Amino acid sequence: MITKLGFRTTALVALATTILATTCSTALAGERVVIASTGGAYDRALKEAWFDPFTKETGIEVVVVSATNAEMRAKASAMVKSGNVTWDLYLDGEIQAGSEVHKAATEDLSEFCNPYKDRADLVANACEPGGALLQSTATLLAYRSRAEADATPETWADMWDTERFPGGRAFPNFDDPWRVLAAALLADGVKKEELFPLDVNRGFRKLDEIRDSVSLWWKTGDQSVQGFRNGDYDLGQIWLTRAKAMANEGLPIKWSYKASFLVGDRIALVRGAPNRENALKLMAFWLDNPAAQAKACDVLSCTPPSKDAIALMSDETRKSMPTAGDISDYVIVPDAEWINANASQLLEQWNNWVR
């Protein structure tokens, strides 16, 4: 039997609990983290595998801002210089994450990385001062698959062979031109082990030969997808993550690891991030969740930082990844130190040529 006093006490406790829960919920609902990414299929995969589960577990909203890689780097630097920082995180190339420009715009994550140094499931470079490793993938030769074709393009020399492989070409055109010049040099007969330092003048001379066949100079991964979808090109230098997303749509696209460069993305923390603690939580959620990594890389055909994640990926995706033989014989690991040291001069020459 509940007395009046007991009833009142119970009611007050219930009311207090309700108010507390509502207050916590409201406070949590107001929390957010802002991350800049490259848009399109890439963002959709990350949202489903990473951002949405993070929000469900923590209540922290993930706000995604889309921009090109060049825009992200420029915007992050400008925000830090002006002291008006509105982003918390942005995705930067693994090569650029080691540059002085990147270091000036981002927070050193050495302390954050300490718990991840000895994690058996993570690759050695999963967490670095310049950012947490999101994924590794490739920039490679992708092409429109045709059932009636007598041969398929496999090398950068094939990309330049417009008689055997007719159709428009596509190359990236942003603040990172080394990969286009590297492809040109390989097409011109330079050996893999002698590629770096790049012979820039020779590379531009080789590019002169194919310039008139380039029907798309893409600036974003999503633009490279739309270009293929619209029939703007038949052979292109694009990211594997975008090629795999198109294959998942049923588009007639294939690719070759015999013409590929190993690249990757890092999650960088902007200096003075307004939601710093939430940003660190979002990064930690990625590194701590092989299932999230596996789900994203199943869609994008990327290599996640956790070895446990690879085991969770589908057999189909694992079979589509480069073999040990591909990596040893064909896939090129770019010289990040040389690229960063020569980035400004290389970009100036590129801009003068591509105009």
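## Overall architecture

The protein chain of this predicted model contains 17 helices and nine strands, and its C-alpha trace extends over about 95 × 45 × 40 Å along the principal axes. Of the 355 residues in the chain, 50% are buried. When contacts in the protein chain between residues at least 6 apart in sequence are considered, 71% of them join residues at least 24 apart.

## The pair of helices H2 and H11

Two packed helices are described by the angle between their axes and the distance between the axes. For helix H2, which covers residues 40-58, and helix H11, which covers residues 276-287, the axes come within 10 Å and cross at roughly 115°. The crossing in which H2 passes H11 is right-handed.

On the H2 side, the residues that take part in the contact are Trp50, Phe51, Pro53, Phe54 and Glu57, and they meet Asn278, Lys281, Leu282, Phe285 and Trp286 on the H11 side. Sorted by class, this contact of H2 with H11 comprises seven nonpolar residues, one polar residue and two charged residues.

## The largest pocket

The largest pocket in the model has a volume of about 460 Å³. Its lining is formed by 24 residues, and those closest to the centre of the pocket are Arg73, Ser99, Val101, Asp175 and Ala343.

Several elements each supply at least two residues of this lining, namely helix H3 (69-82), strand E3 (89-93), helix H4 (100-105), helix H16 (336-341) and helix H17 (343-354). By class, the lining of the largest pocket consists of twelve nonpolar, seven polar and five charged residues.

## The second largest pocket

The second largest pocket has a volume of about 360 Å³ and is lined by 24 residues, of which Gly93, Glu94, Val263, Gly264 and Asp265 lie nearest its centre. Two or more residues of the lining come from each of H3, strand E5 (131-144), helix H10 (240-248) and strand E9 (253-269). Among the contributors, E9 gives the most to the lining of this second largest pocket, with four residues.

The lining residues of the second largest pocket divide into nine nonpolar, nine polar and six charged. Helix H3 is named among the elements that supply at least two lining residues to the largest pocket, and H3 is also listed among those that give two or more to the second largest pocket.

## Thr241 in helix H10

Thr241 is located in helix H10, an element that gives two or more residues to the lining of the second largest pocket. Thr241 has a relative accessible area of 4%, which is under the 20% limit, and therefore counts as buried. Once its neighbours within four places in sequence are left aside, Thr241 is in contact with Tyr42, Gln135, Thr137, Leu300 and Cys302.

## Trp218 in strand E7

Trp218 is placed in strand E7, which covers residues 214-218. With a relative accessible area of 0%, a value under the 20% limit, Trp218 is therefore classed as buried. Not counting residues up to four places away in sequence, Trp218 touches Ala170, Phe171, Pro172, Asn173 and Phe174, together with Gln223, Ser224, Gln237, Ile238 and Trp239.

A further reference point for Trp218 is Asp150, which is 68 residues apart from Trp218 in sequence and, from C-alpha to C-alpha, 28 Å apart in space.

Note on methods:
Residues are numbered from 1 along each chain as its sequence is written. This is a predicted model: local features need pLDDT of at least 70, side-chain atom pairs count only at pLDDT 80 or more; totals for chains, interfaces and linings use all residues. Side-chain values use heavy atoms; hydrogens and water are left out. Axes are lines fitted to C-alpha atoms, for helices over the stretch in contact, and angles run from 0 to 180 degrees between N-to-C directions. A crossing is left-handed if the near helix is turned anticlockwise from the far one by less than a right angle, and right-handed if clockwise. Contact means heavy atoms within 4.5 Å. Ala, Val, Leu, Ile, Met, Phe, Trp, Tyr, Cys and Pro count as nonpolar, Asp, Glu, Lys and Arg as charged, and the others, Gly among them, as polar. On a 1 Å grid over the protein atoms alone, a cavity is a set of points where a 1.4 Å probe fits but cannot get out, and a pocket is an open set with protein on both sides within 12 Å along at least five of seven lines; lining residues have an atom within 4 Å of a point. Grid points are joined across faces, edges and corners, and a volume is the space filled by probe spheres set on the points. Buried means under 20% relative accessible area, exposed over 50%, partly exposed in between (1.4 Å probe, protein chains only).
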